[in-house]
Amino acid sequence: MKIKINIPEAGNRQRVVIVGGGFAGLQLAKKLDDKQFQIVLIDKNNYHQFQPLMYQVATGGLEAGSISYPHRKILQKKKNLFFRMCLVEKVNPDQKIIETSIGTLSYDYLVVATGCDTNYFGNDALKEKVYPLKSVSESIMLRNRIFLTYEEALSISDEQELSDKLTFIVVGGGATGVELSGTLAEMKKTFVPKDYPDLDVDKIQVHLVDGSPRLLFGMSEKASANAAKELEKRGVIIHHEVFVTSYEDNVVKMSNGQELRSANVFWVAGVTPNSLPGMDEASYMRNRLIVNEYNQVKGYDDIFAIGDTALLTEDRYPKGHPQVAQVALQMATCLAKNLNAKSKGAGFAKFSYKDKGSLATIGKNAAVADLGKFHFKGWFAWWVWLFVHLMTIVGMRNRVSVFIDWVWNYMNYGVSLRLYIRPKMNHFYDEEGYKS
Ligand SMILES: Cc1cc2nc3c(=O)[nH]c(=O)nc-3n(C[C@H](O)[C@H](O)[C@H](O)COP(=O)(O)OP(=O)(O)OC[C@H]3O[C@@H](n4cnc5c(N)ncnc54)[C@H](O)[C@@H]3O)c2cc1C
């Protein structure tokens with residue numbers, strides 16, 4: 001039997017345990033009334049990660065620290081809030097406790113906000129060989145891979161080996177795939193020729209492989225067409241409606257029979273929820289937790305799910321909401337209001353998603369935007385994209401540092417974060433070993 005996590009008794013307050021300090025969990029922790037509740041936020045990392053800009057860390061445009069922020073610092077002002085860094089392993093709804101890597105904890109209300117991880121669609125062999133982008137640590141891994149590629153390419157004389165090395169394949173044509181492939185293509189024309197003057201940049205190829213009939217499938221057809229046009233202008237080779245079926249010995253096999261060769265396959269093709277085990281089987285659908293309009297998990301009054309892991313259907317969203325930050329933030333705000341009001345005897349209000357629009361960037365001065373009936377592209381969309389992302393990053397210092405890096409990069413692509421930093425492996429990693 002595991003020990004209890006050492007947290008003071010909640011006294012006459014009810015304890016709300018939030019698992020996951022991403023967009024949803026953090027918003028809820030901020031908005032819940034700590035005079036009424038004892039709030040316990042749990043995350044396997046001690047920092048919040050701003051996922052929309054991970055591709056910029058991966059491509060050397062931003063520091064990892066600019067898109068990460070310590071949970072403890074964000075929540076310093078809340079008196080009855082406790083943060084614990086650990087991995088939640090299981091829920092025991094009968095006893096109203098969670099089991100974690102550091103012990104057990106009881107709850108009055110449990111909120112699951114565990115988000116998603118990379119989806120390899122059951123292809124375990126692929127998982128071992130492709131590079132994902134779902135955490136800050138993976139962004140750094142990808143950055144290392146990209147800059148190591150250029151360093152190593154300089155010493156390769158075999159034509160086939162060099163071509164494999166300098167061919168980047170991005171799998172997944174959603175916003176991240178578009179942004180990552182656009183930036184990789186842009187690098188070829190911007191700093192790579194300056195940093196590696198003895199490298200034949202014409203040998204660099206960027207492919208984007210997408211299973212959907214069009215890129216950015218969640219956005220308008222206009223946005224998809226504009227994104228494809230901009231990427232092609234930058235030299236990205238797009239493969240529509242094809243799936244990667246295997247990747248062995250640098251050969252990527254695709255569902256249309258075509259084969260590509262590459263030593264660098266970056267996988268941003270989909271996500272799968274990090275749902276916690278322990279609840280009734282009927283509570284899950286496609287690994288997401290089925291919730292009602294109050295975000296209560298099917299079969300439980302005291303367990304809620306918000307953000308990417310929650311599956312809530314509305315007439316407009318019969319298959320559930322898109323797994324995006326806006327939904328996570330709005331669900332958290334609605335749940336906070338409901339829980340705050342409940343202790344005053346008021347009823348729950350229903351969640352209804354208000355789509356404020358979608359944006360994706362392709363590269364400098366190029367983005368696409370769907371804002372209600374308005375669809376626009378080009379530099380104006382790009383500036384809107386910059387502004388929206390700058391305003392949503394957590395922490396004033398991070399906003400300022402991102403702003404400075406962007407301005408610097410805008411002028412001369414001069415931000416010098418093109419670093420290959422390897423952790424020196426030693427026994428401490430095994431002993432501390434938290435997975436991120
Ligand atoms: C590369 C990338 C780019 C994206 N770009 C955009 C974009 O441009 N616009 C947009 O709207 N959306 C974007 N998204 C999607 C958006 O980031 C998600 O919809 C959003 O993060 C969901 O919020 P969440 O709180 O549900 O989950 P997350 O933000 O993923 O947070 C989940 C948290 O739970 C923690 N956790 C998970 N399991 C456990 C466990 N067992 N124990 C303890 N802690 C746990 C994790 O450490 C994490 O902190 C992007 C996603 C990615 C990966």
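Which residue in the turn of the β25 and β26 hairpin has a positive phi? In that hairpin, which has two residues between the strands, G372 takes a positive phi of about 60°. The model is predicted; local features need pLDDT of at least 70, side-chain atom pairs count only at pLDDT 80 or more, and totals for chains, interfaces and linings use all residues. Residues are numbered from 1 along each chain as its sequence is written. The chain is divided into domain 1 (14-118 + 272-342) and domain 2 (124-269), with bounds that come from an automatic or database domain assignment.

**Ligand shell**

- The ligand has 32 residues around it, and G20, G22, G115, G307 and V324 come nearest; a residue is near a molecule or strand if its C-beta atom, placed from the backbone, lies within 6 Å of it.
- At least two residues of this shell come from each of α1 (23-31), β2 (37-43), α7 (175-189) and α10 (325-342). Helices (H or I, at least four residues) and strands (E, at least two) are DSSP runs numbered from the N terminus.
- By class, the shell holds 15 nonpolar, 13 polar and four charged residues. Ala, Val, Leu, Ile, Met, Phe, Trp, Tyr, Cys and Pro count as nonpolar, Asp, Glu, Lys and Arg as charged, and the others, Gly among them, as polar.
- Domain 1 and domain 2 each give at least three residues to the shell around the ligand.

**G20**

- G20 sits in the loop between β1 (14-19) and α1.
- G20 is buried because 28 other C-beta atoms lie within 10 Å. The cut-offs are 20 or more such atoms within 10 Å for buried, 12 or fewer for exposed, and in between for partly exposed, with C-beta atoms placed from the backbone.
- Not counting residues up to four places away in sequence, G20 touches G25, D43, A113, T114 and G115; contact requires C-beta atoms, placed from the backbone, within 7 Å.
- Along the chain G20 and I306 are 286 residues apart, and their C-alpha atoms are separated by 10.0 Å.

- The C-alpha centres of domain 1 and domain 2 are 32 Å apart.
- Their contact takes 13 residues from domain 1 and 19 residues from domain 2.
- On the side of domain 1 that touches domain 2, α2 (54-58) and β10 (116-118) are the elements that give two or more residues.
- The largest share of that side, four residues, comes from α2.
- The side of domain 1 that touches domain 2 has seven nonpolar, five polar and one charged residues.

**Nonpolar cores**

- The largest nonpolar core has 58 residues, of which I169, V171, A227, F266, A360 and A367 touch the most other members. A nonpolar core is a set of buried Ala, Val, Leu, Ile, Met, Phe, Trp, Tyr and Cys residues joined through C-beta atoms within 7 Å.
- Helix α7 gives the largest share of this core, six residues.
- This core draws at least three residues from each of domain 1 and domain 2.
- Leaving out residues up to four places away in sequence, I169 touches H207, V209, V252, L260, S262, N264, V265 and F266.

- Five of the six residues of β25 (366-371) are buried, and the strand is mostly covered.
- β24 (358-363) and β25 pair in the antiparallel sense over five bridges; strands pair if DSSP finds at least two bridges between them.
- A360 has V368 in β25 as its bridge partner.
- The hairpin of β24 and β25 has two residues between the strands, and N365 takes a positive phi near 60°.
- β25 is also joined by four bridges to β26 (374-377), and these strands run antiparallel.
- The bridge partner of L371 in β26 is F374.

- β6 (88-92) and β7 (97-100) pair in the antiparallel sense over four bridges, and K90 has E99 in β7 as its bridge partner.
- Four residues lie between β6 and β7 in their hairpin, and K96 in the turn has a positive phi of about 55°.
- D302, in the loop between β21 (288-290) and β22 (303-305), is in contact with K96, D108, Y109 and L110, leaving aside neighbours within four places in sequence.
- D302 is partly exposed, since 15 other C-beta atoms lie within 10 Å.
- D302 and P93 are 209 residues apart in sequence and 8.8 Å apart in space, C-alpha to C-alpha.

Note on methods: Contact = placed C-beta atoms within 7 Å.
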